[in-house]
Amino acid sequence: GEWTAEAIVDLGLSWTLVGHSERRSKYGETDEDTATKVEMGMKKGLNVMLAIGEQLSERQDGTTVDVCARQIKAVISKVTDWSKFSIAYEPVWAIGTGVV
C-alpha cells in the first residue's frame, strides 16, 4: 500500500499484494482504491494478488459470499492478464481470534 507499482518494478520484484484487510480497516482503503491498485500493477506488468475476506460480523450475518463477491467484482474490469492475477481468501475473523 505504501509502494507505487513503479517502485516495485524498479526493485526488480514481480508480485504485489493488494486489498489486505489491514489496508482496508486501518487506512480506509475501499474496493475502488483496490481496483485502482490492481489496474496500476497490471499496467506495470506485475503479478497481482488480491486479498479478499470478511470480518467476523459479516460472517455471523451470513454475508461472506456477498462481501467476497463485491471485493472481486470491483477489480474484474481492471484485470488485463488473468495469468498474472491471483486471489487470496483471508477470513479476517480467523486471524488471532480463536474463532473456528
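This is a predicted model: local features need pLDDT of at least 70, side-chain atom pairs count only at pLDDT 80 or more; totals for chains, interfaces and linings use all residues.
Me: Which residues meet where α3 and α5 are in contact?
Reply: From α3 come Asp31, Thr34, Ala35 and Val38. From α5 come Arg70, Gln71, Ala74 and Val75. By class, this contact has four nonpolar, two polar and two charged residues.

Me: At what angle do α3 and α5 pack?
Reply: Helix α3 covers residues 31-43 and helix α5 covers residues 64-76. They pack at an angle of about 40 degrees, and their axes are 8 Å apart.

Me: Why is α3 called oblique to α5?
Reply: Set the angle of about 40 degrees against the cut-offs. Roughly parallel needs an angle under 35 degrees. Roughly perpendicular takes 65 to 115, and roughly antiparallel is over 145. The rest count as oblique, and that makes α3 oblique to α5.

Me: What is the strand order in the sheet?
Reply: The order is β1-β2-β3, in an open sheet of three strands with parallel pairing. From one strand to the next, the twist averages 25 degrees.

Me: What makes β1 and β3 stand at the edges?
Reply: β1 (15-18) and β3 (85-89) each have a single partner strand. One side of each is therefore left without a neighbour in the sheet.

Me: How do you know that β2 pairs with β1 and with β3?
Reply: Pairing needs at least two bridges. Four bridges join β1 to β2, and five join β2 (residues 47-52) to β3. Both pairs pass the cut-off, so they count as paired. Met49 in β2 is the bridge partner of Leu17, and Met49 also stands opposite Ser86 in β3.

Me: How do α3 and α5 run relative to β2?
Reply: α3 lies across β1, β2 and β3, at about 165 degrees to β2. α5 touches β2 and β3, and its direction makes about 155 degrees with that of β2.

Me: Which residues of β1 are on the covered face, and which on the uncovered one?
Reply: Thr16 and Val18 are on the covered face. Trp15 and Leu17 are on the uncovered one.

Me: Why does Arg24 count as buried?
Reply: Arg24, found in helix α2 (residues 21-27), has 16% relative accessibility. Buried means under 20%, so Arg24 counts as buried. Its contacts include Glu29, Asp31, Thr34 and Gln71.

Conventions: Residues are numbered from 1 along each chain as its sequence is written. Side-chain values use heavy atoms; hydrogens and water are left out. Axes are lines fitted to C-alpha atoms, for helices over the stretch in contact, and angles run from 0 to 180 degrees between N-to-C directions. Helices (H or I, at least four residues) and strands (E, at least two) are DSSP runs, numbered from the N terminus. Contact means heavy atoms within 4.5 Å. Ala, Val, Leu, Ile, Met, Phe, Trp, Tyr, Cys and Pro count as nonpolar, Asp, Glu, Lys and Arg as charged, and the others, Gly among them, as polar. Buried means under 20% relative accessible area, exposed over 50%, partly exposed in between (1.4 Å probe, protein chains only). Lists of a residue's contacts leave out its neighbours within four places in sequence.
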